[in-house]
Amino acid sequence: HGPVFYLWSIIPIGLYLWERQTRLSRGSIPMVVSRVEWIAPVLAVHFRPIDKSLFDFEEGTYVMLNCPFISQAEWHPFTISSARGDLFTGDRVSLETGEKVIPIPPPTNAPNHIKKKWKKYCPVSLYSKLNNDQTYDTLLDHHETAYHDFVSVHIKVHERDDGTETWTKKLKDYLEMMAPHRKYPFHFTRRDTRGELQIGRQFGPDTKQILRIDGPHAAPAMHYKHYGTVMLIGAGIGMTPCASVLTAMLKYRWRLNFKPEILHFYWVVAHPDVRAFEWFIHRIAELEYELLKQRHSGAVAPRNYAEIHIFVTRPPKDCPNDLSMRSASTITEFSNDAKSDPKPVFTANQLFAEMLYPQTPAANMTAAMEQPKHATNRFQDTWIWNGRPVWSDIFSSVRNQRQHRDIGVCFCGTPFIGKDLAAMCKRFSSVDDDCIFTLHKENF
């Protein structure tokens, strides 16, 4: 093949060079890092493009990350863990601390010219201390706050036994080196050309962009929005795209009357890994409370239905001594009108404690759900089970209670679960019965 090798190689080599050039081009989009959180062993990095129109992503997709400070040529894939709505309707935060703030109405006895110009905000940590007799001098002005719009990835930081540093460990150390203080979470800011403070930092001490982003890239989970009913299934690190989809549906899509209308979410997690997913347990508690408030206010239609099932495998026979979380709750139990907000049904700590010592066998799932009011493993729409899911019972239940002909099954996780799900989709699909399960799987 020597004399004519170039004829066979010109197309694949050309495609390779085109792909590399495309990556460099996409990676040159100006990005800022706005916030970094750490709940061992997971590092959460919030970033966003300076021009949002240059980064249009969907839930379930992934990006390639490059940190020029570590290596110009080393790129790593990470699934986006935030929803698309987070990039356009983020919370208002303090520019100085990054803490979420809420608007405060003017004093009732204030003159009309003061009321018209009034734009004051209070950090959530100080809200409970406000009272009618307190002065408003400590409140933040409008220009001292900004919207924190972001895209997030959650990165598990690995450490080798031989002591050599991994790319993820180097990234964590690099971000810590730039932190304005040593206490997580880190909040980064920068000065614009006018000298005004803005959220996010673009360049590191080496004058290079902190992170370069190549993406987003398509993945199977992004097809969830095409169905009226979706079964969302995650196992191990495969639950990261599920976090993105779950956030989109419970926080944004139902409020806008977007599909899917019915969500069945199943998370399979090994007991030794539960502590590594504290961030996701907080996310579930936050989203459940957000959904509770939306239902209470009528923002979500009655047809929107959610079930969240967590299956904890290999749990201990005896109750662990420590059932507490290492991180504090981030739920804000009030909005602009605190009196109208319902109280949370459960806390992240309660959910976490049940996951560390689950009592209800997964094999009894069907019988237990027939009496939901008496279930001890139920937390609003979330159920905790001991053991692996019985997929035949689950698919049979979804089929019997279906409201839509086409049911999407989006899975991210280990191949052997994907194989079982493929068999279940085939077994329970029937054109004659007007029921079709369609599997979209991504193996990790």
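These legends go with close-up views of aromatic rings in a predicted model. Residues are numbered from 1 along each chain as its sequence is written, and side-chain values use heavy atoms, with hydrogens and water left out. Local features need pLDDT of at least 70 and side-chain atom pairs count only at pLDDT 80 or more, while totals for chains, interfaces and linings use all residues.

View 1. A search of the whole structure turns up 16 aromatic pairs. Here, rings of Phe, Tyr and Trp (its six-membered ring) pair if their centres lie within 6.5 Å; planes under 30 degrees apart are stacked, over 60 edge-to-face, and the rest tilted.

**View 2. Trp-279 and Phe-280 make a tilted pair.** Their ring centres are 5.6 Å apart and the planes sit at 55°, so this one counts as tilted. Trp-279 is buried at 10% relative accessible area, and Phe-280 is buried too, at 0%. Ring pairs also tie both into a cluster with Phe-265, Trp-267 and Phe-277.

**View 3. Arg-92 puts its charged end over Tyr-147.** That end is 4.2 Å from the ring centre. A charge sits over a ring if NZ of Lys or CZ of Arg is within 6 Å of the ring centre and within 35 degrees of the ring normal.

Conventions:
Buried < 20%, exposed > 50% of the residue type's maximum accessible area, 1.4 Å probe, protein only.
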